[in-house]
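This report goes through one structural model, from the contact between its chains to its salt bridges and its surface.

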Amino acid sequence: MAKQRWGSKLGIIMAVAGSAIGLGNFLRFPTLAAQDGGGAFMIPYFIALFLVGLPLMWIEWTIGRFGGGLGHSTAPGMFHTMAEKSRFIKYFGVIGIFGPIIIFIYYTYVESWLLGYSFFAVSGKYAACTDTASLKAFLSGYQGLEQNQYFSGLTTAYVFFVVTFLINIFILYKGIKGGIEKVCMYGLPLLFILAFILLIRVFTLGVPDPARPENNVINGLGFIWNPKWDALLNPNVWLDAAGQIFFTLSVGIGVILTYASYLKKDDDVALSGLSSAATNEFAEVIFGGSIVLVSAFVFLGAETTKEVANSGTFNLGMVTMPMIFQKMHFPAFWGLSWFLLLFIAGITSSISLAQPAIALLEDDFNLSRKKAISIFAIITFTLCHAPILFLKNGVLDEMDFWGGRFCLVLFGTIEVILFAWVFGMNKAWTELHHGSDITIPRFYQFIIKYITPAFLLIILGSWIYKNIGEAVLMTNVAKDDKVYIMATRIGLILFFVILACLVRYALKKRASIERSQR
Amino acid sequence: MTIQGWMFLMASWVIIIYMTVYSIYKTIKSTNTDKGTETSNDGF
């Protein structure tokens, strides 16, 4: 079966940037920046970008193209090839398929909320909700957490979920060039246009309440950017900044490995890695850092904005923003622009999350794309019902904790050690520069070999120290929810074991075919 | 907004805009150039 390829260099950069630009850019980043020291937060943020983010970006692009050149599209095969003497490394590579599937399962549902809200913005369904309490009730009703005057059950949310799921599957069915690349080539510019329009609107808000002249745009920017120097002494700020860089660039998931495997042997990876990271940072720092918190500050003031930001990541985007739009002229237009922007950010990420599993079925089990996508769709559609039906029991958060956080940091740490220490730094550096359109400064050899692994081991260690005890003992889980959390964990372990067996079978089969051909 | 706040905002925006414009410009330039005839590449 002929291996799929990208149509253009810009196409894959857009696809990787689309995978990276997600809800975290517009909701998580501004909240963290405001909570963790304002302008001072940007110091550890940029340090982490240049010491962890960019190196991991280059590592994943290089491993992906290297593995792709040897016929592998997913992490297990790539890792196995890079560390030939190890029989176990492929099982670490399974994380690069397991993590994205788990994220896809709950992310698609969250994405469907944004499609639903885009529709509600136009239909005016939430137009009657003009304060925080009513918009919170609207969101809870929609998510099925309570029955109220807005929603009597999960039917509406479920319909939007099915539509979102089918859109994802349709794009994936169209393939790498005709589906993923095309959507990102049109979707990303549209996202930037919408973000730019919203940014201009936010910057021209002036002083909506003449009685509170201090609530203006300049002070709103000051709310995010004025530095609190004592924050730099707080280790949690450094961890938050490093974590944000990790999550925002989509490194440590396995998606970039698969995307880069569709490159040709002589295609550039150094400039492409830099381009996709830079595009993501543009969306995060320029747009993400200005739209939500500044508009919230201008309408609500510093204290209320802080309260909302601390009450949950989605509350700013799905409760505060619609409320603010109601106070503007043309609320339907602004609401649609905002939720459509988030939906596009979501869909370019979710289609990337599906690709490693589909690539495994296509390339290692020799299935046609149609069959591979059908199998993927049936399995994930079934599993999506867990976070939909048991949202209130914490199933979605549990999947996010293991699939969307723990696996990322662990996988990233394994990758950098494998790349710099097992594959060998000199060989890795040559591979990274093969066909390259830029020369990466030589001091990055030292950074990739020593600083990035050390930085990642510290993040992983601190993260485990901070979270794992509480997570394993379920100290923050309500008594009634413990059974759901345990069931989720057992399900995740079983799923990982099944994937590991499939990978083992596929690689064994491939090895026997290769032996018989010699 | 304090002077330091402005300095952080401007410094962050300049770094990000420079990285983005530079890398996209180089990408478009290299896409339009026949790789075989290109003699050198630049640092960033």
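The model is predicted.

**Interface of chains A and B**

The size of an interface is often given as the accessible area lost when the parts come together. Between chain B and chain A, about 2800 Å² is buried, and carbon and sulfur atoms give 74% of that area. On the side of chain B that touches chain A, α1 and β1 (42-43) of chain B each supply at least two residues. The largest share of that side, 19 residues, comes from α1(B). In terms of contacts, 27 residues of chain B meet 38 residues of chain A. Eight residue pairs are in polar contact across the interface, both residues being at pLDDT 80 or more. The count of salt bridges between the two chains is zero.

B:Ser23 belongs to helix α1 (residues 3-32) of chain B. Because its relative accessibility is 0%, below the 20% limit, B:Ser23 counts as buried. Leaving aside residues up to four places away in sequence, B:Ser23 touches A:Leu271, A:Leu274, A:Ser275 and A:Ala278. A polar atom of the B:Ser23 side chain also lies 3.2 Å from the backbone oxygen of B:Thr20.

**Salt bridges**

Over all chains the count is eight salt bridges.

| Pair | N to O distance |
|---|---|
| A:Arg65 and A:Glu431 | 3.5 Å |
| A:Arg369 and A:Glu362 | 2.9 Å |
| A:Asp400 and A:Arg405 | 3.2 Å |

A:Arg65 is in helix α3 (residues 42-69) of chain A and A:Glu431 in helix α20 (residues 425-433) of chain A, so this pair ties together parts that are 366 residues apart in sequence. Both A:Arg65 and A:Glu431 are buried.

In the second pair, A:Arg369 is buried at 10% relative accessibility, and A:Glu362 is buried at 5%. Elsewhere, A:Lys9, A:Asp268 and A:Asp437 are linked in a network of salt bridges.

**Nonpolar patch**

A:Ile417, A:Trp421, A:Val422, A:Phe446, A:Tyr450 and A:Leu457 make a nonpolar surface patch of about 600 Å². The elements that give two or more residues to this patch are α19 (395-422) and α21 (443-473) of chain A. A:Ile417 lies in α19 of chain A. With a relative accessible area of 33%, A:Ile417 is partly exposed, and a residue needs over 30% to belong to a patch.

Definitions and conventions: Residues numbered from 1 in each chain as written. Chains lettered and ligands numbered in written order. Predicted model: local features only at pLDDT ≥ 70, side-chain atom pairs only at ≥ 80, totals over all residues. Heavy atoms only, no water. Patch = residues over 30% accessible without salt bridge, like charges linked within 9 Å, V, L, I, M, F, W, Y side chains within 5 Å. Areas by Shrake-Rupley, 256 points an atom, 1.4 Å probe, with all protein chains shown as cover. Salt bridge = Lys/Arg side-chain N within 4 Å of Asp/Glu carboxyl O. Helix = DSSP H or I, 4+ residues; strand = E, 2+ residues; numbered from the N terminus. Buried < 20%, exposed > 50% of the residue type's maximum accessible area, 1.4 Å probe, protein only. Polar contact = N/O pair within 3.5 Å; in protein donor to acceptor, adjacent residues only side chain to side chain. Contact = heavy atoms within 4.5 Å. Buried area = accessible area lost by both parts, 1.4 Å probe.
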